[in-house]
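Reader: Could you take me through this model slowly, giving me the general idea of each feature before the case at hand?

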Amino acid sequence: MSAKDLLIQLFGLPKGEIIFQDYSCALKGLISKYGRIFIAENHICFYANLAGSKTNLVIKLDDIAKLDSKNKSDIDIILKDGRAFCFNGFHDKEQVYNLMNALISGQPLSNQQTFQSTTDSAREDESQIENAEVEIQFLQSGASMDQEMCKFTFSFSQDKFFEFFLADDALVYSIADHRQSEKDTDIQLTKWTPVEDNPQMFQREMKNVIKLTGVPFKDKSRMHKLFTYKKEADKLIYTCTTHTLDVPYGNCFQAEERWEVSQLEDNKCLLKIFASVVFTKSTMMKGTIMSKTMSGLKDDYEKWINNVKIKLEAMAKSQKSQTSNINHEYEDSKKLDDNILSKIMQTSQSQQAKQTISQTQFYQGRKSELLYLLSIFLLIIIMLIQIGILNKQSQKLENLELLVLQLQQR
């Protein structure tokens with residue numbers, strides 16, 4: 001079956017439909033889907049296959065209400081029922097727009113070629129050197145040969161692994177942190193969102209620019225990564241599909257990674273990393289591409305785990321320091337409390353001693369006053385007794401004088 005027949009079968013087009021041209025591009029959305037757009041005599045078709053999530057879009061030319069090109073990169077297709085689709089990332093947007101516009105408006109086509117197979121050497125050479133966006137073609141099942149690259153055991157749970165490294169606001173070392181440590185630029189990382197046809201799976205994408213070494217006429221390249229994750233009963237599955245857009249033969253392959261995080265006993269988890277290179281086009285450079293890609297992934301894993309160890313050790317030291325500070329603060333506080341208590345006890349004892357002395361002095365003073373009052377009271381009694389005695393003696397003298405006078409008169 002020819003490539004044209006495969007396309008007609010894939011999109012369900014009428015037999016004999018003429019496919020004029022196809023282009024690498026992206027269907028713009030919350031998560032952009034990179035693939036190919038095929039322009040036929042009565043249809044515009046788009047296909048993408050990223051990490052097992054397929055997009056197969058067929059638009060009839062008769063259903064198009066408007067074709068718009070507002071900026072340098074986008075082509076908007078607005079349908080009569082109100083739906084709209086935006087495509088971007090074209091190598092030559094004007095050529096694509098002019099072809100679409102001519103077909104929609106019924107203008108005669110000039111110098112337009114029908115569908116060419118990917119073995120056209122001139123077109124393949126151009127895409128290898130000036131590849132604008134990744135080309136996603138029909139990946140056959142079983143094309144990916146997963147190779148276990150490495151595995152690591154972490155002393156925390158599977159959920160903590162996600163919080164530390166994969167969450168939108170990763171607490172220890174995120175994918176954006178790692179790309180920044182590699183001096184990447186123009187890093188754009190979206191948030192996790194549910195996959196439309198699989199709510200249990202989440203996806204996000206990242207665009208960035210990396211530095212290249214050993215590539216003729218190229219010192220940097222744009223990258224596009226599509227991430228997915230889902231939590232199963234016994235493990236966390238995390239995948240990454242990577243396209244390197246500006247390297248030779250970049251439209252011929254994609255790198256696929258799969259992380260499996262399994263929960264172990266004693267609150268530990270095991271990370272196994274698998275990687276593969278999937279080819280979307282046949283090329284004589286397959287062996288070289290696979291060797292360099294796998295070597296690059298291995299180097300990246302080594303850098304990642306080394307940086308993770310540094311971050312975890314720093315976090316452990318920070319927590320230990322905080323615990324030590326808390327203990328020191330507790331001890332200092334306890335010493336301060338003991339000193340304050342000691343001073344309070346000393347002050348209390350001093351006040352009690354002063355109070356005892358004051359009470360003793362008070363009692364001694366009261367005793368002296370009582371003794372003084374008692375002495376006065378005794379003196380008064382003695383004086384009263386003496387006065388009584390004197391009164392009696394005076395009365396006796398008066399009686400004696402009267403008796404003497406009576407005797408004299410006789």
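Author: Helices here are DSSP runs of H or I with at least four residues, strands are runs of E with at least two, and both are numbered from the N terminus. The model is a predicted one, in which local features need pLDDT of at least 70 and side-chain atom pairs count only at pLDDT 80 or more, while totals for chains, interfaces and linings use all residues. Residues are numbered from 1 along each chain as its sequence is written, and side-chain values use heavy atoms, with hydrogens and water left out.

Reader: How many Å should helix α2 span, and how far apart are its end C-alpha atoms?

Author: The expected span of a helix is 1.5 Å times one less than its number of residues. For the 13 residues of α2 (residues 93-105) this gives 18 Å, and the end C-alpha atoms are 18 Å apart, so the two values agree.

Reader: Which residues of α2 are buried, and what covers them?

Author: An α-helix has 3.6 residues a turn, so residues three or four places apart point the same way. Buried means under 20% relative accessible area, exposed means over 50%, and partly exposed lies in between, with a 1.4 Å probe and protein chains only. In α2 the buried residues are Lys-93, Val-96, Tyr-97, Leu-99, Met-100, Ala-102 and Leu-103, and their cover includes β1 (19-27), β2 (33-40), β3 (43-50), β5 (64-68) and β6 (75-79).

Reader: Which residues touch the most other members of the largest nonpolar core?

Author: In soluble globular proteins, nonpolar side chains tend to be buried together. A nonpolar core is a set of buried Ala, Val, Leu, Ile, Met, Phe, Trp, Tyr and Cys residues joined through side-chain atoms within 4.5 Å. Of the 37 residues in the largest one, Phe-154, Phe-161, Phe-165, Trp-259, Leu-271 and Trp-304 touch the most other members. Elements giving two or more residues to this core include β8 (147-154) and α4 (158-166), and the largest share, eight residues, comes from α6. A second, separate core of 25 residues includes Ile-37, Leu-57, Leu-79 and Leu-103.

Reader: Is Leu-370 buried or exposed, and where is its place?

Author: Leu-370 lies in helix α6 (residues 286-409), and it counts as exposed because its relative accessible area is 55%. For the chain as a whole, 38% of the 410 residues count as buried.

Notes:
Contact = heavy atoms within 4.5 Å.
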